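Trainee: I would like to learn how to read a model like this one. Please take me through it feature by feature.

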Amino acid sequence: MANDLETASVLFRNAMREAFRKHSTWYLIQGALLVVAGMLAIIYPLMSAVAVVVLIGWLLMFSGIIQAISLIGAKHAPHFWLQLISAILAILVGFLFVREPGQGLVTLTLLLIIFFMIEGVSKIVFALTIRPMPQWGWVLASGLVGVILSVLLLAFLKVTAIWLVGLMLGVQLISIGAAIANMAWQARKS
C-alpha cells in the first residue's frame with residue numbers, strides 16, 4: 001500500500017512538472033497578472049475591499065436561493081426549518097452586503113479581528129505548553145503579535161475597515177502570483 005502511494009505521488013509530481021514546463025508562459029502571465037492585481041488592491045484598498053464585500057454578498061444571495069429552491073418539496077427532511085432559516089439568513093446577509101458594502105466591510109473587519117485574537121491566544125497557549133522546546137519563544141512572539149494586532153485594529157475600527165480587507169486581498173494575490181510565476185520560471189529553466 002505504501003509503495004503504491006509513493007509511486008502515485010512520484011507520477012503526480014512528474015505530471016505537474018511536465019504541465020508547468022509545457023504551459024510555463026501562460027503560468028508566468030497568470031502570475032504576473034495576479035501580482036499586478038494584488039498591487040492594485042493594495043494601492044486602492046477601499047475599492048478592492050468593497051468589490052470583495054459585494055462579491056461575497058452576491059455569492060451569499062445566490063447560495064441562499066439555491067438552498068431554498070432545494071428545500072421545495074423537502075418539508076419532511078430532517079432539520080427542514082434550520083435549513084430554511086439558514087437559506088433565508090444567507091439571502092438576507094447577502095442582500096445587506098450588496099446594499100450596504102460599508103457595513104459589510106465593518107462586519108468582515110470585525111471577523112478578521114476576532115480571528116487574529118483567537119489565533120494569537122491559541123499560539124500563546126501552545127507556546128507555553130511547549131516551553132521547554134527550543135524556539136518556543138518565536139511561537140509566543142507570533143501569538144503576542146496576533147493579540148496586539150487585533151487590539152490595535154479594534155481600537156481604530158472605523159479606519160481599519162476601510163483598508164484591512166483590501167490590503168489582505170492584495171497581499172494574498174501577490175503571494176499567489178509570485179508563487180505561480182516562480183514555479184513556472186523554475187519549470188522553464190529546467
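Trainee: What percentage of the 190 residues in the protein chain is buried?

Mentor: Buried means under 20% relative accessible area, exposed over 50%, and partly exposed in between, with a 1.4 Å probe and protein chains only. Here buried residues make up 26% of the 190. This is a predicted model, in which local features need pLDDT of at least 70, side-chain atom pairs count only at pLDDT 80 or more, and totals for chains, interfaces and linings use all residues. Residues are numbered from 1 along each chain as its sequence is written, and side-chain values use heavy atoms, with hydrogens and water left out.

Trainee: Where in the protein chain is confidence lowest, and where is it highest?

Mentor: pLDDT is the predictor's confidence in each residue, from 0 to 100. Where it is low, the predicted coordinates should not be read in detail. In this chain the mean is 87, and 99% of residues reach 70 or more. Helix 1 (residues 2–22) has the lowest confidence, at a mean of 79, while helix 3 (residues 45–70) has the highest, at 92.

Trainee: How many helices and strands does the protein chain have?

Mentor: Both are DSSP runs numbered from the N terminus: helices are H or I with at least four residues, strands E with at least two. This chain has seven helices and zero strands, giving the pattern α-α-α-α-α-α-α along the sequence.

Trainee: What radius of gyration does the protein chain have, against that of a compact globule of 190 residues?

Mentor: The radius is taken over C-alpha atoms, and the globule rule is 2.2 Å times the number of residues to the power 0.38. The rule puts a compact globule near 16 Å, but the chain has 22 Å. Along the principal axes, its C-alpha atoms fill a box of roughly 55 × 45 × 45 Å.

Trainee: What share of the contacts with a separation of 6 or more joins residues 24 or more positions apart?

Mentor: Contact means heavy atoms within 4.5 Å. In this chain the share is 77%. Pro-45, in helix 3, gives a local case: leaving out residues up to four places away in sequence, Pro-45 touches Ile-162, Trp-163, Gly-166 and Leu-167.

Trainee: Why does Pro-45 count as buried?

Mentor: Pro-45 counts as buried because its relative accessible area is 19%, which falls under the cut-off. Ser-48, also placed in helix 3, is buried at 11%. With neighbours within four places set aside, Ser-48 is in contact with Ala-41, Gly-166 and Leu-169.

Trainee: Which residues does Thr-160 contact, leaving aside its neighbours within four places in sequence?

Mentor: Those residues are Thr-109 and Leu-153. Thr-160 is found in helix 7 (residues 157–189) and is buried, with a relative accessible area of 2%.

Trainee: Is Leu-111 buried or exposed?

Mentor: Leu-111 is exposed, because its relative accessibility is 51%. This residue lies in helix 5 (residues 101–129). Between Leu-111 and Glu-6 the C-alpha distance is 40 Å, with a sequence separation of 105 residues. Gln-103 is placed in helix 5 and counts as exposed at 51%. The C-alpha atoms of Gln-103 and Ala-161 are 9.1 Å apart, and the two residues are 58 apart in sequence.
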